[in-house]
Amino acid sequence: MSVTKATTIQGQINEITDELLTAADHLKDLTAAVSIFGSARIRSDSPYYTKTQEISGRLAKAGFNVISGGGPGIMEAANKGCHEAGGTSIGLNIELPHEQKDNRYQTDSLYFKYFVSRKTTFFMNSAGYIIMPGGFGTLDEMFEALTLIQTGKASKAPVVFVGTEFWQGLMDWIRNQLVVNKLISEHDLDLFIVEDDPQKVVEHIQTKHQQYVLDASCVGLC
């Protein structure tokens, strides 16, 4: 019996559904979680690794859980900082042919075959986002988070870019191209901040989280 496109797609839909249901059940009691996005390629001797670890540790001490992609680099630093501070450190691991290798600092680990179910799990469980330097994957996650918040398809959540020097070119492009050409509104720039000081990053997350929890019209995806 030949496999048709329809049966292949149906099989994939079933697998994606199973991944979403498993993640939803596993994380059903999770509250006040912050997702940290960033590159798997950043080494442990990078200042960005060290800063990610510090931010994550401060978040844990402030009562937040931390979610990362579960792999090396920035993801490892995010899990490590939270884990060593005694917090709940969650890894949403993805099956990839290279780069992805589970880090050992995960309190809870989930495994995904599909990016769509993995990203949906991030957005359904995040009360804030911290964007560290990264490549295509980080940009994909970051822009989707901003799009969901901008369009009201996800609950309001603070978004913080860390690494002024790294992100400056993108910030200039957003202002000079997207805003100037009216592809986004000026007030869309209020959806995020750029901040390098770990203490101020966490303070911003705390302030906005308290504000949005009191004024929540939806939780997770809307």
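Buried means under 20% relative accessible area, exposed means over 50%, and partly exposed lies in between. Keep these cut-offs at hand as you work through this predicted model.

**Exercise 1.** Is Lys119 buried or exposed?

*Solution.* Step one: look up the relative accessible area of Lys119, which is 12%. Step two: compare this value with the cut-off of under 20% for buried. Lys119 is therefore buried.

**Exercise 2.** Which residues form salt bridges with Lys119, and which helices do these pairs tie together?

*Solution.* Start with Asp140: its salt bridge with Lys119 has the closest N and O atoms 2.9 Å apart. Lys119 lies in helix H4 and Asp140 in helix H5, so this pair ties together parts 21 residues apart in sequence. Next comes Glu144, whose salt bridge with Lys119 has the closest N and O atoms 2.7 Å apart. Glu144 also belongs to helix H5, so its pairing with Lys119 in helix H4 ties together parts 25 residues apart in sequence.

**Exercise 3.** Classify Asp140 and Glu144 by their relative accessible area.

*Solution.* Asp140 has 36%, so it is partly exposed. Glu144 has 28%, so Glu144 is partly exposed.

**Exercise 4.** Where in the chain do Arg118 and Glu141 lie, and how do their side chains meet?

*Solution.* First, the contact: the two side chains meet in a salt bridge, at 3.8 Å from N to O. Then the places: Arg118 sits in helix H4 (residues 115–125) and Glu141 in helix H5 (residues 136–150), 23 residues apart.

Notes. Residues are numbered from 1 along each chain as its sequence is written. This is a predicted model: local features need pLDDT of at least 70, side-chain atom pairs count only at pLDDT 80 or more; totals for chains, interfaces and linings use all residues. Side-chain values use heavy atoms; hydrogens and water are left out. A salt bridge is a side-chain nitrogen of Lys or Arg within 4 Å of a carboxyl oxygen of Asp or Glu. Helices (H or I, at least four residues) and strands (E, at least two) are DSSP runs, numbered from the N terminus. Buried means under 20% relative accessible area, exposed over 50%, partly exposed in between (1.4 Å probe, protein chains only).
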